[in-house]
Amino acid sequence: GRKPKSEKLKMMWVNKARVAFRYLPFRYYISTSLMWSLQYLKETGFNLGGFVQGWKEIRRIPGREQRSPLSTATMEYLHKVRARLWY
């Protein structure tokens with residue numbers, strides 16, 4: 001079945017943070033986590049329970065995920081094409 005909207009948004013937020021941690025420099029992991037947490041609050045009408053659960057999951061990402069950062073050439077290309085990296 002389908003997940004409730006708040007659960008779906010939390011899953012999206014945590015997944016974006018996970019991908020940022022895995023492939024991007026650490027600062028993008030932080031900025032992605034922060035910006036999407038604010039989006040989560042906005043979209044869910046300040047669902048604080050889900051907000052706290054989301055941050056708990058995000059805090060555990062560095063201990064559970066292996067980093068595989070993109071190459072310098074790839075990062076330069078992403079900057080060149082103005083990819084949205086901060087969030």
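Trainee: Which residues form a nonpolar patch on the surface?
Mentor: This is a predicted model, in which local features need pLDDT of at least 70 and side-chain atom pairs count only at pLDDT 80 or more, while totals for chains, interfaces and linings use all residues. Residues are numbered from 1 along each chain as its sequence is written, and side-chain values use heavy atoms, with hydrogens and water left out. The patch consists of Leu34, Met35, Leu38, Trp86 and Tyr87, which together have about 520 Å² of accessible area (Shrake-Rupley method, 1.4 Å probe, with only the protein chains shown counting as cover for residues). Members of a patch have over 30% relative accessible area and no salt bridge, with nonpolar side chains joined within 5 Å and like charges within 9 Å; a salt bridge is a side-chain nitrogen of Lys or Arg within 4 Å of a carboxyl oxygen of Asp or Glu.

Trainee: And where is Tyr87 found?
Mentor: Tyr87 lies in the segment after H4, and its relative accessibility is 42%, so Tyr87 counts as partly exposed (buried is under 20%, exposed over 50%, partly exposed in between).

Trainee: Switching to charge, which residues gather in a patch of positive charge?
Mentor: Those are Lys56, Arg59, Arg60 and Arg64, on the surface. Arg59 sits in helix H3, residues 48–64, and counts as exposed because its relative accessibility is 67%.

Trainee: What about the inside, which residues of the largest nonpolar core touch the most other members?
Mentor: Of its 16 residues, they are Leu24, Tyr29, Ile58, Ile61, Met75 and Leu85. H1 gives the most to this core, with 6 residues.

Key: Lys, Arg positive; Asp, Glu negative; His and termini not counted. Charge placed at Lys NZ, Arg CZ, Asp CG, Glu CD. Helix = DSSP H or I, 4+ residues; strand = E, 2+ residues; numbered from the N terminus. Buried < 20%, exposed > 50% of the residue type's maximum accessible area, 1.4 Å probe, protein only. Core = buried A, V, L, I, M, F, W, Y, C linked by side-chain atoms within 4.5 Å.
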